[in-house]
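Trainee: I have a new structure open and would like to learn how to read it. Could you walk me through it, one feature at a time?

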Amino acid sequence: MSSPIVRVIDVHKYFQRGSERVEVLKGLTLDVPQGEFLALMGPSGSGKTTLLNLIAGLDRPSEGEVWVGPECISALSETRLAAWRTRSVGFVFQFYHLIPVLTAYENVELPLLLLPLSAAQRRQQVLTALDLVGLSDRLTHRPGQLSGGQQQRVGIARAIVTDPTLIVADEPTGDLDSRSAQEILALLVELRESLNKTIIMVTHDPRAAARAHRTQHLDKGVLVDAPSMSHDFE
Amino acid sequence: MKFLKLIFKNVRRNLLRSALTAAGTMVLVFVVTLVLSILSFLDQATSEKAQNLKTIVTERWQIPSRMPFAYAQSLAEGAPRDPGDVRVPAADSMTWQFYGGTLDPKNRTPENNLFAIAMEPEKLMTMMDDLDSLEPDKAAAFSQVVAKLKANKQGLVLGKERLRQIQKKVGERIKIFSVNYRDIDLEFEIVGLFPDGRYDSSAAFNRQYLNDALDTYPATHGGKPHPMMKGTLNLVWLRVPDRDAFQKVRTQVESSPLYSNPAVKCETAASGISTFMEAYRDLIFGMRYLLSPAIIVVLCLVIANAIGISVRERRTELAVLKVLGFSPWQLMILVLGEALLLGGGTSLLSALGTQFVINDLMGGLKFPIAFFSTFMVSTDAVVWGIAFSTGAAFLGSILPALSARNVKVSEVFSKVA
């Protein structure tokens with residue numbers, strides 16, 4: 001088995017709600033090997049999205065450490081964390097969150113604006129990403145002119161355009177009909193296989209989780225079942 | 001530069017709101033540019049020069065100043081008495097005699113009142129501000145008017161606004177029934193116009209005409225001189241090369257025994273104008289310290305409101321940008337960029353548009369203060385107008401930009417979910 005690309009070590013996360021301190025993650029430890037497609041499941045409020053945000057460097061643990069590759073991202077400054085996110089993480093949202101005034105091309109190009117690339121290099125990478133998700137013919141379409149499935153494909157293209165180590169997806173099929181959802185899941189699987197990406201996906205849908213190599217269940221801030229290998233990831 | 005397109009597209013996102021904000025900005029910049037033009041013009045008129053100073057000699061104790069015309073010749077030279085005294089060349093002096101009246105004594109209205117300066121015609125182009133620095137083509141045209149004024153003692157030169165008000169044309173004759181020189185009613189032929197701008201409401205004629213009429217007055221009035229005869233000279237202008245020369249001329253004039261009854265005083269033109277402008281002190285204070293800052297504050301609020309709403313509406317988008325790797329500073333720059341594009345861009349258009357409309361289409365802004373009737377929009381005012389409004393846009397957008405900078409991704413998406 002590959003060495004872990006993501007290591008979550010004894011992570012606690014507290015939120016202050018009025019005078020009350022709510023512990024969302026309670027000493028959670030998790031390793032995700034390079035190239036794995038991991039599904040995180042659990043009831044609402046179990047801490048799935050909080051965990052995903054910590055792994056993606058969008059939030060910091062109250063205690064514990066989060067390592068992605070050689071970086072302890074829980075120790076990075078906000079500016080360095082932002083730069084790290086650009087290069088290392090692609091994020092796929094449930095509601096796509098494309099910028100409505102930009103075309104599909106421009107939406108995918110956004111993360112590349114933060115990298116020292118020429119216009120020609122950016123164009124090449126955007127076209128490659130949109131080709132991978134099958135939207136080469138929708139470059140000039142704005143999000144409002146695309147279906148939900150197509151918007152999510154643009155979201156995935158935006159997530160992979162910087163060639164990140166890790167793709168995190170928060171309910172990527174949650175807003176899609178079942179056919180589009182299956183297409184998006186197939187696309188994620190294909191990307192993992194062809195590009196050897198590590199994917200961590202939060203989902204409520206057991207059918208979506210079934211496409212992953214491994215499923216971890218969270219409940220009340222802890223992992224409730226032992227890590228299990230499934231499918232063909234070894 | 002990479003973010004420019006994004007900034008531009010964000011400004012275009014809500015066209016109605018951006019257009020309304022731009023319109024509000026343009027109106028405010030229009031007003032602030034006009035106010036700054038007037039203030040800058042007055043500042044220029046009342047700021048002391050180091051060289052080529054104009055000295056105004058007037059009666060010391062009385063307003064309006066009325067000195068005997070007999071003072072004119074020696075005052076015009078700077079009243080030198082001793083060999084080492086400063087002697088002002090003839091070309092660098094000018095006398096002013098105010099003559100005013102109405103074109104229709106039975107129906108006196110502001111429109112048919114006319115006040116004119118009696119002077120030496122050739123001094124119009126050597127001593128009068130702006131007329132001494134006309135562009136060659138305008139100077140050539142005006143020198144023909146001056147020549148007519150010299151050749152025709154009854155000639156009268158008017159500003160175009162004055163001509164419009166009395167509803168006459170160049171070449172027509174008018175008769176002024178005097179108000180200040182009672183019984184000396186003079187007939188004039190309008191021989192030409194002042195160049196457009198500062199003298200649009202002015203009138204001037206050959207002083208010889210007035211003085212000849214005063215000289216012949218006793219012949220028709222039982223040998224008695226005109227009651228105004230003791231004080232027909234209102235002021236004398238002298239041009240001196242520097243402050244030292246001014247101080248010397250001042251000492252020469254104010255200590256001369258020739259001018260004891262009435263006594264006279266010397267001051268620089270700037271100082272004289274400042275004294276005259278005292279009457280408008282509150283108005284100018286209000287324009288400088290109340291109106292201008294108020295406009296800048298309103299501009300700040302307009303921009304803050306528009307950008308603030310825009311940031312609030314786009315918190316999720318800003319969070320997405322953070323997720324994609326935009327740093328807090330980059331988000332701040334995006335928001336400030338939108339404000340600067342909206343505020344700076346529209347203020348640039350507005351200030352340049354104001355200058356074009358006021359100067360080139362309207363021939364100046366009619367805003368009579370003291371003896372200034374028309375103001376032009378100066379380049380300084382345009383530059384400051386743009387700078388102030390861009391600064392206001394920047395200030396107004398700081399809070400929304402900080403708010404964008406501090407967007408917390410986890411909070412935004414917990415609400416979205």
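Mentor: Gladly! Let us begin with a helix. Helix 1 of chain A has these buried residues: A:Lys48, A:Thr49, A:Thr50, A:Leu51, A:Leu52, A:Asn53, A:Leu54 and A:Ile55. That is eight of the eight residues in this helix, which spans residues 48-55. Keep in mind that this is a predicted model.

Trainee: What follows helix 1 of chain A?

Mentor: A:Gly57 does, and its phi is positive, near 75°.

Trainee: How should I think about a nonpolar core?

Mentor: In soluble globular proteins, nonpolar side chains tend to be buried together. Here, the largest nonpolar core has 118 residues, and the ones touching the most other members are A:Leu40, A:Ile55, A:Ala157, A:Val168, B:Ile303 and B:Val335. Helix 2 of chain B, residues 15-46, supplies the largest share of this core, with ten residues. Another core of 53 residues lies apart from it, and its members include B:Tyr71, B:Val86, B:Met119 and B:Phe188.

Trainee: Which residues is B:Val335 in contact with, leaving aside neighbours within four places in sequence?

Mentor: They are B:Ile307, B:Val311, B:Ser397, B:Pro400, B:Ala401 and B:Ala404.

Trainee: How many residues of chain B are in contact with chain A?

Mentor: To read an interface, list the residues on each side, then ask which elements they belong to. In this model, 20 residues of chain B are in contact with 20 residues of chain A. On the chain B side, helix 1 (4-13), helix 11 (315-324) and helix 14 are the elements that give two or more residues. Helix 11 of chain B gives the most, with six. By type, the chain B side divides into nine nonpolar, five polar and six charged residues.

Trainee: Where in chain B is confidence lowest, and where is it highest?

Mentor: Look at the scores element by element. Helix 14 of chain B, residues 409-416, is lowest with a mean of 69, while strand 4 of chain B, residues 155-158, is highest at 95. For chain B, the mean pLDDT is 87, with 97% of its residues at 70 or more. The model scores are ipTM 0.87 and pTM 0.68.

Definitions and conventions:
Residues are numbered from 1 along each chain as its sequence is written. Chains are lettered from A and ligands numbered from 1 in the order in which they are written. This is a predicted model: local features need pLDDT of at least 70, side-chain atom pairs count only at pLDDT 80 or more; totals for chains, interfaces and linings use all residues. A nonpolar core is a set of buried Ala, Val, Leu, Ile, Met, Phe, Trp, Tyr and Cys residues joined through C-beta atoms within 7 Å. A residue is buried if 20 or more other C-beta atoms lie within 10 Å of its own, exposed if 12 or fewer, and partly exposed in between; C-beta atoms are placed from the backbone. Helices (H or I, at least four residues) and strands (E, at least two) are DSSP runs, numbered from the N terminus. Two residues are in contact if their C-beta atoms, placed from the backbone, lie within 7 Å. pLDDT is the predictor's confidence in each residue, from 0 to 100. Ala, Val, Leu, Ile, Met, Phe, Trp, Tyr, Cys and Pro count as nonpolar, Asp, Glu, Lys and Arg as charged, and the others, Gly among them, as polar.
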